[in-house]
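This briefing is meant to be read with the sequence and the coordinates side by side. Please look through the model before turning to the points below.

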Number of protein chains: 2
Amino acid sequence: MSRIRLVATMTNAPGVALDELAQRATRIATRRHQRIALAGAPDETLFLIRKGLFLSRAAIPDSHRNILGILYPGDIAHALAIPALDRTEITAASDSGEIWRLRGSDVQELQEMDASLARMITDRLAEKAARLALHNAVIGSLTGDERVAALMMELALRTGRHTPAGIEFEMPMSRTDIADHLALNADTVSRIVSRMRSKGLISVSARNSLSCRSLDDLARACPLADALARTYGGARLDSSQTAP
Amino acid sequence: MSRIRLVATMTNAPGVALDELAQRATRIATRRHQRIALAGAPDETLFLIRKGLFLSRAAIPDSHRNILGILYPGDIAHALAIPALDRTEITAASDSGEIWRLRGSDVQELQEMDASLARMITDRLAEKAARLALHNAVIGSLTGDERVAALMMELALRTGRHTPAGIEFEMPMSRTDIADHLALNADTVSRIVSRMRSKGLISVSARNSLSCRSLDDLARACPLADALARTYGGARLDSSQTAP
DNA sequence: CTCGCGCCTTGACCGTGATCAAATCGACGT
DNA sequence: ACGTCGATTTGATCACGGTCAAGGCGCGAG
């Protein structure tokens, strides 16, 4: 049997590079539903997510879908890393978030002075590509139920806290947003979540907040759990049954 | 009405950075179906696609799917940009391809000497992220027919040549590979391609080679054609009817 | 309190694409 | 030419999830 451990996630960039960025960054405090347009900013502008959960959106022709991805603290958003669609923007999913905006020329300059910053940026971009490829596999090869379980694992691993009842995590998106992100339908997502609740896999602990007794049960509901754990948790599935 | 122009695509990195890389790279000539394992190489090893079409693969649990993406000349492959799945590898789709393998430490060193190389690498990674996000939208919001049209547009824009009969392009993958990549089923892909042939949208010009009379007709079959053209072609859809 | 407005839930029905099976095609070696 | 093996095509059937519609719930405004 396999077990997932929840470990502290490194959501922040290494301190050295961060201090340099902090000096030049425009800090933006955000509240829920606040939008930050990418269309307006110059191409090279770089956004660094510092706190909270954000969604990147864009208009997708002939479709109601408009979610491109979830942004977590530490992530980078850059116009060049987003497909050439209309109305691209970032919206805050949770309250009291924070984003840093950096001019492309400043980043360029700092990068030339400090190689570790360049390294940090390429690592973030590579990680983002890996996560997008994994998400491709999620929506390309999993059933509806498995996709929802995958999203919950991702959020639990990133934002989860241990409580007596198990692991509690935020899912601060509407059913429609979840559906868009998982390439499902809002009605279907609602059905799936209800089913998971009635099976006891998860329970609602507050508005936009879920808890699950055991991550392992969730993982068993999702074939890609192992890869998700490695990617999002710093945690990993291991086969040892050593229960201390 | 909109028209798509096919323009020369810049598939190669800027010359300056390329010369530096050339000195340190191990050049690998590949033939069809040749595999290059990523699992064996050190984490930081960087692969640069120089010629030919390649597919990145990985084992996906409980699924026959195993295609993560298509790699075109100019693309970078890096273990960190690939999700934490088993049996990750790159296979050549076409004959007479070429890949450069670079040690992570060499890249690091060159990057510190020449900022334009660092820039080239981040640009490639960002572009890859954009393409993956676009592919998410393709398999998440399009019907089977539209997905196949999207893949054909991508290939036509990247590898297409003008001929008297229209645009001719290579599709050197098996039906199964195409199906995996588009999150469809091999049977379904076969049906869709047959349907497109009987509609006259495309015709078979040789084994693994198709031609289509007009890219615009293909584009009309795919809601995301505009974004695909911007991303893959350097071409774009424009609304001018100026026919010289 | 009550109304109104979003959002969510649940049910009934339907369509796209998956699955399974059989026939056909293509490449290659003998 | 013939036989073999894998890939492709095509057909028949079915299930998952989409669509549409009705009803419920939460929450803020009047």
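The model is predicted. The contact between the chains takes 42 residues from chain A and 42 residues from chain B, and on chain A the most is given by helix 3, with 20 residues. Around DNA strand C there are 16 residues, and 16 residues likewise surround DNA strand D.

- On the side of chain A that touches chain B, at least two residues each are supplied by strand 6 (67-71), helix 2 (104-113), helix 3 (115-141) and helix 8 (225-233) of chain A.
- Sorted by class, this side of chain A holds 25 nonpolar, ten polar and seven charged residues.

**Helix 3 of chain B**

- Helix 3 of chain B (residues 115-141) has its end C-alpha atoms 39 Å apart, which agrees with the 39 Å that its 27 residues should span at 1.5 Å a residue.
- This helix of chain B is mostly covered, since 21 of its 27 residues are buried.

**A sheet in chain B**

- Four strands of chain B form an open sheet in the order 3-8-5-6, with antiparallel pairing; its edge strands, each pairing on one side only, are strand 3 (35-37) and strand 6 (67-71) of chain B.
- Neighbouring strands of this sheet are turned against each other by 25 degrees on average, direction ignored.
- Strand 3 and strand 8 (residues 86-92) of chain B run antiparallel and are joined by three bridges, and Arg35(B) stands opposite Thr91(B) in strand 8 of chain B.

**Surface near DNA strand C**

- The residues that come nearest to DNA strand C are Ser190(A), Ser194(A), Gly144(B), Asn185(B) and Thr188(B).
- By class, the surface near DNA strand C comprises three nonpolar, eight polar and five charged residues.

**Surface near DNA strand D**

- The closest residues to DNA strand D are Gly144(A), Asn185(A), Thr188(A), Ser190(B) and Ser194(B).
- At least two residues each are supplied to this surface by helix 6 of chain A and by helix 5 (175-182) and helix 6 of chain B, with helix 6 of chain B giving the most, six residues.
- The surface near DNA strand D has three nonpolar, eight polar and five charged residues.

Methods
Residues numbered from 1 in each chain as written. Chains lettered and ligands numbered in written order. Predicted model: local features only at pLDDT ≥ 70, side-chain atom pairs only at ≥ 80, totals over all residues. Near = placed C-beta within 6 Å. Nonpolar A, V, L, I, M, F, W, Y, C, P; charged D, E, K, R; others polar. Pairing = 2+ DSSP bridges. Axes fitted to C-alpha atoms, helices over the stretch in contact; angles between N-to-C directions. Contact = placed C-beta atoms within 7 Å. Expected span 1.5 Å × (residues − 1). Buried ≥ 20, exposed ≤ 12 C-beta atoms within 10 Å, placed from the backbone.
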